[in-house]
Amino acid sequence: MKNILRGTVAAIALVSMASAAHAQTDERHYAATVPIFGNVTLTNPSGFGGALAAGAFEAAIAFGVGTRYTAEADAPSDSVPATPVVNVAFNLSGSVNKDCSFYSGNNAAARNIDFGVIGVRTGNNENVSDAFEMVGPAEAEIESLTAGCNFNNTVTLAKANGNAGMVNAAPGGYDSDEFQANIPYRVEASWTGIAANTVGSGTSQSLNVATNAANAAITQGAWRSDFELEIEAPVAQRALVAGDYSDTLTLTLAAS
C-alpha cells in the first residue's frame with residue numbers, strides 16, 4: 001500500500017493550548033500491506049505488546065515494506081504555576097494632625113479688652129443708697145470669623161479670679177456692708193458646631209459662664225465657624241471702691 005496523499009494538501013495545524021493538563025504531541029503511526037491480511041496499521045504503540053508490533057513494522061520497513069509517520073512537539077513549561085486571576089491589594093494610609101484654631105488678632109493688644117472708666121454715680125444729689133454704684137452694665141463683644149477644631153474637642157471658658165470676676169488689687173480700706181472691690185461678670189459664647197462623636201449638620205451652640213460661676217466647658221465634635229463672645233458686668237450689688245479692676249478670661253479649644 002502506498003500511503004501517499006495525491007493531488008491534495010496536507011495541512012499541519014500548529015496549536016498552543018493554555019492549559020497545564022494539555023499533553024504535548026508524541027505520535028507514531030505505522031501502515032503496511034501484508035499478503036493475506038491486507039492493509040495493517042498500528043497507532044501509537046505502547047506497552048510490551050506495542051513494542052513488539054512496532055519492532056515488526058520497523059523490520060518490515062527495513063525490507064521496504066510499509067511506512068511510518070512520527071510527530072513530536074516539545075516546549076518548556078511555565079517557570080511557575082500559571083495564575084489566571086491575580087488580586088493585588090494596596091493598603092493606602094496617611095494621617096492628619098489634630099488641630100484647633102482661633103484667630104485672635106495680629107498682636108496681644110487685640111486681646112486687651114478695656115472697658116475704660118466704669119462709671120459710678122458721683123453726683124452730690126444722688127441718694128446715699130445710690131452713691132458710687134455703677135451707672136449701668138459694662139459690656140464687651142468679641143468676634144472671630146475663624147475658629148474650630150478638626151477632631152472631638154472641648155471648649156472651655158475660665159475666669160482667673162473665679163466668680164469674683166474683675167478684682168481691685170489695691171482697694172484700701174472700705175465698709176464691706178456698703179462697698180465691694182470686685183465686679184462679677186457673665187460670659188456667653190456662641191458658634192456653629194456639633195456634639196462629640198456625632199456626624200451631621202452643625203447647629204447653633206452656646207457656652208455660658210454665669211456671674212456666680214468660675215468656668216464652664218462643653219464637648220464638641222469637629223467644627224469650624226465664626227465665634228462670638230459677649231461679656232457683661234451687670235450693676236454690682238454694692239458701691240464700687242475706686243481703683244483698677246482686672247481679670248483674665250481664658251478661652252480654650254482642646255482637641256481630645
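Which loop, between which two strands, holds Asp177? Asp177 lies in the loop between strand E7 (166–168) and strand E8 (179–180). The legends below start with the whole chain and return to this residue later.

This is a predicted model, in which local features need pLDDT of at least 70, side-chain atom pairs count only at pLDDT 80 or more, and totals for chains, interfaces and linings use all residues. Residues are numbered from 1 along each chain as its sequence is written, and side-chain values use heavy atoms, with hydrogens and water left out.

**View 1. The whole chain.**
The chain has one helix and 16 strands. Helices (H or I, at least four residues) and strands (E, at least two) are DSSP runs, numbered from the N terminus. The C-alpha trace spans about 160 × 40 × 30 Å along its principal axes. The radius of gyration of the chain is 51 Å, while a compact globule of 256 residues would have one near 18 Å. That radius is taken over C-alpha atoms, and the globule rule is 2.2 Å times the number of residues to the power 0.38.

Of the 256 residues, 21% count as buried. Buried means under 20% relative accessible area, exposed means over 50%, and partly exposed lies in between (1.4 Å probe, protein chains only). The accessible surface of the chain comes to about 17800 Å². Carbon and sulfur atoms hold 52% of that surface. Accessible areas come from the Shrake-Rupley method with a 1.4 Å probe; for residues, only the protein chains shown count as cover. Take the contacts between residues at least 6 apart in sequence: 74% of them join residues at least 24 apart. Contact means heavy atoms within 4.5 Å. The chain has 11 positive and 24 negative charges, and their mean positions are 24 Å apart. Lys and Arg count as positive, Asp and Glu as negative; His and the chain ends are not counted. Each charge is placed at NZ of Lys, CZ of Arg, CG of Asp or CD of Glu.

**View 2. Ser144, a buried residue in a strand.**
Ser144 sits in strand E5 (residues 138–149). Ser144 counts as buried because its relative accessible area is 2%. A polar atom of its side chain lies 2.7 Å from the backbone oxygen of Tyr103. The side chain of Ser144 also reaches the backbone oxygen of Thr146, at 3.1 Å. These are polar contacts: pairs of N or O atoms within 3.5 Å, where, within protein, one must be able to donate a hydrogen and the other to accept it, and residues adjacent in sequence count only if both atoms are side-chain atoms. Leaving out residues up to four places away in sequence, Ser144 touches Phe102, Tyr103, Asp226 and Phe227.

Arg121 has its place in the loop between E4 and E5. With a relative accessible area of 31%, Arg121 is partly exposed. Arg121 and Met134 are 13 residues apart in sequence, and their C-alpha atoms are 6.3 Å apart in space. Beyond its neighbours within four places in sequence, Arg121 is in contact with several residues, including Glu126, Asp130, Phe132 and Met134. Phe132 also belongs to the loop between strand E4 (100–102) and E5. Phe132 is not a glycine, yet its phi is positive, about 70°. Its relative accessible area is 40%, so Phe132 is partly exposed.

**View 3. Asn197, an exposed loop residue.**
Asn197 is found in the loop between strand E10 (186–193) and strand E11 (203–209). Asn197 has a positive phi of about 60° although it is not a glycine. Asn197 counts as exposed because its relative accessible area is 69%.

Gly55 lies in helix H1 (residues 47–62). At 35% relative accessibility, Gly55 is partly exposed. Gly55 and Asp175 are 120 residues apart along the chain, and 139 Å separate their C-alpha atoms. Gly66 has its place in the loop between H1 and strand E3 (67–72). Gly66 is partly exposed, at 31%. Its contacts are Ala31, Ala32 and Ile61, not counting residues up to four places away in sequence.

Is Asp177 buried or exposed? Asp177 counts as exposed because its relative accessibility is 62%. The C-alpha atoms of Asp177 and Ala82 are separated by 98 Å. Along the chain, Asp177 and Ala82 are 95 residues apart.
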